[in-house]
Amino acid sequence: MSRPHIGKKRKWDDAPSQSQGRKRRTIRSGESSSLDIEQLEKRIAKDPSNNHNDVETLLQMLDLANPDAKLNLRTGIALCKVFSRLIASGHLNKDNHGNNQSQELSAWYVEQYRKYRTTLARLLRSVSAAQRLPLVHLCWKVLEQDAEFLGNKVWVSESMFKPFLSAVVDIPGGTDVRETYVDEYMNQCHDCCYHSLEYFSTHVATSEDGKVLENVIEILSLLDPPPTSTEDLNFLAEPPTKGSKKPLITPASLRRRAEEAWLSVIRSPHLTTGLRKSLLRITTAKILPWMSRPETLMDFLTDSYDVGGSTSLLALSGLFHLITAKNLDYPSFFPKLYSLIDADLLHSKHRSRFLRLLNTFLSSTRLPATLIASFIKRLSRRALFAPPAAIVAIIPYIYNLLKSHPTTTFMIHRPPHPPYAKSTENLGEDPFDMSQPDPQKTGAIDSSLWELETLQSHYHPNVASLARIISEQFTKQQYNIEDFLDHGYGSMLDSELAKEAKKEPVVEWRIPKRIFTRAEVDEEGQEGEGNLITRLWDFG
């Protein structure tokens, strides 16, 4: 749209007059200053009809990508003030009933305002990391004035909101920008949250960049819990009414938008194993509260549970929630859970998480004794080859299971079947079948806990003393598992070093004169030096 020629033409204060009228001022990088910006802003505020060309001058300053980022920011703030005054005074009202020149000026101002918002969204992608957050706040200020003066439809449908969201999502390494956007805007204004979720659903489905998916997951995982009632909703613009074309924003509609966004993420072809694990870690705390129909996650969780390894461990919590809260029928849950107690589990970094979840899964006293006995026996067998830090968590947990399910305590006092003999020909046979995948058919209930008795002779004194609780009377009601789960080699060593010795240990030793050599005695009784390593490798 061409610049309108309205009102009396004026000349620049610092430029020579032109015979053919005023020419457009060209702004070069480094020429603008804070004083120029302030003067232009004041001139526009004084007479917006005759000084409208100064708006275009400020836009040129903003669009230069000036190396002085602070100067660019001042220009953007000045334009925000300018357009705020113009909107309040009605200069951007295209439907005004003035003369043709007034209508032409209003249309021109609208076009310049569109350019301004587009430029801000574009600059957000190109500015340095130090200038991103101030520019994000400026962009949001522009959206606020759109919502205040132009209505709730404009700030969503016009040219800035979606480019702004696209920049927030796509900025490489823009974690600070995304955290600020969610904490200060999405969590505070539910209409912003609603339309952002709508955009994320489409953007994830159409984007071919896997990094976009990762950034959207980062944003969604920062959302606060959903509002529970209409009174909890806060709006940037006036909420749409029931008679409007847009749906009424309610807690239910907001949850549906979030559900669509999460499902777009889960169904994305760019969902890698690492991202799947990230989703599984936050399923219970972040995803399920936003799902209006949690059962839609059934396939995602069961598929993840069947993968095996750490992925199955991470899927446990969400899947158990669907079983208990939504009556999901998944008969193979306990057999799969039983199979997860493999040789690598007790050496895994997810060991503590698994034992916490297992404590929840087996807490019901209605579970059959044969099932509980299988888990007790399998944990005991795995403890024979586990690190000490894992054993000190397993033994108290088995104690709690025995207390909660008294019918399994027969395993403690039952002798091996058939009994052990002193001869090496009959070492006894354990009826427990470790290779049986069904915990109901392992025969563990007919076995004994000889593994825990073996641990009473463990090389680590803490493990040995803790294993003796199985041989004592069960006077303690329950152990607090949390006191044992976070132990490692470091914590166990520190606890040993912190103990005070009751008496000094008796040690017989002497300082050797040599380490890799030994003395040789000749025929006269004189010692000479011989190389021990040479002698060891001397096969002659």
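Helix axes are here lines fitted to C-alpha atoms, over the stretch in contact, and angles between them run from 0 to 180 degrees between N-to-C directions. The model is predicted, so that local features need pLDDT of at least 70 and side-chain atom pairs count only at pLDDT 80 or more, while totals for chains, interfaces and linings use all residues. Residues are numbered from 1 along each chain as its sequence is written, and side-chain values use heavy atoms, with hydrogens and water left out.

**Overall picture**

- The protein chain contains 25 helices and two strands, where helices (H or I, at least four residues) and strands (E, at least two) are DSSP runs numbered from the N terminus.
- Of the 540 residues in the protein chain, 44% are buried; buried means under 20% relative accessible area, exposed means over 50%, and partly exposed lies in between (1.4 Å probe, protein chains only).
- When contacts (heavy atoms within 4.5 Å) between residues at least 6 apart in sequence are taken, 70% of them join residues at least 24 apart.

**Helix pairs**

- The axes of α17 (residues 351-361) and α19 come within 11 Å and cross at roughly 5 degrees, which means that α17 is roughly parallel to α19; angles under 35 degrees count as roughly parallel, over 145 as roughly antiparallel, 65 to 115 as roughly perpendicular and the rest as oblique.
- On the α17 side, Arg-351, Leu-355, Leu-358 and Asn-359 meet Ala-389, Ala-390, Ala-393 and Tyr-397 of α19, and these residues divide into six nonpolar, one polar and one charged.
- In these classes, Ala, Val, Leu, Ile, Met, Phe, Trp, Tyr, Cys and Pro count as nonpolar, Asp, Glu, Lys and Arg as charged, and the others, Gly among them, as polar.
- Helix α7 (residues 161-170) and helix α10 (residues 210-220) have axes that come within 8 Å and cross at roughly 100 degrees, so α7 is roughly perpendicular to α10.
- Val-168, Val-169 and Asp-170 of α7 make this contact with Val-212, Asn-215, Val-216 and Ile-219 of α10, a set with five nonpolar, one polar and one charged residues.

- Within α14 (residues 298-307), the residues Phe-300, Leu-301, Thr-302, Ser-304 and Tyr-305 are buried.
- The cover over the buried residues of α14 includes α11 (251-266), α12 (273-281), α13 (283-287), α15 (309-325) and α16 (333-339).

**Cysteines**

- The structure holds zero disulfides, a disulfide being a pair of cysteine sulfur atoms within 2.5 Å.
- Cys-80 is in no disulfide, and the nearest cysteine sulfur, that of Cys-139, is 9.7 Å away; Cys-80 counts as buried because its relative accessibility is 7%.
- Cys-189 is likewise in no disulfide, with the nearest cysteine sulfur, that of Cys-192, 6.1 Å away, and Cys-189 is buried at a relative accessible area of 12%.

**Thr-407 in its loop**

- Thr-407 lies in the loop between α19 (388-404) and α20 (410-413), and counts as partly exposed because its relative accessibility is 47%.
- Although Thr-407 and Pro-368 are 39 residues apart in sequence, they are 9.6 Å apart in space, C-alpha to C-alpha.
- Leaving aside neighbours within four places in sequence, Thr-407 is in contact with Ala-369 and Ile-445.
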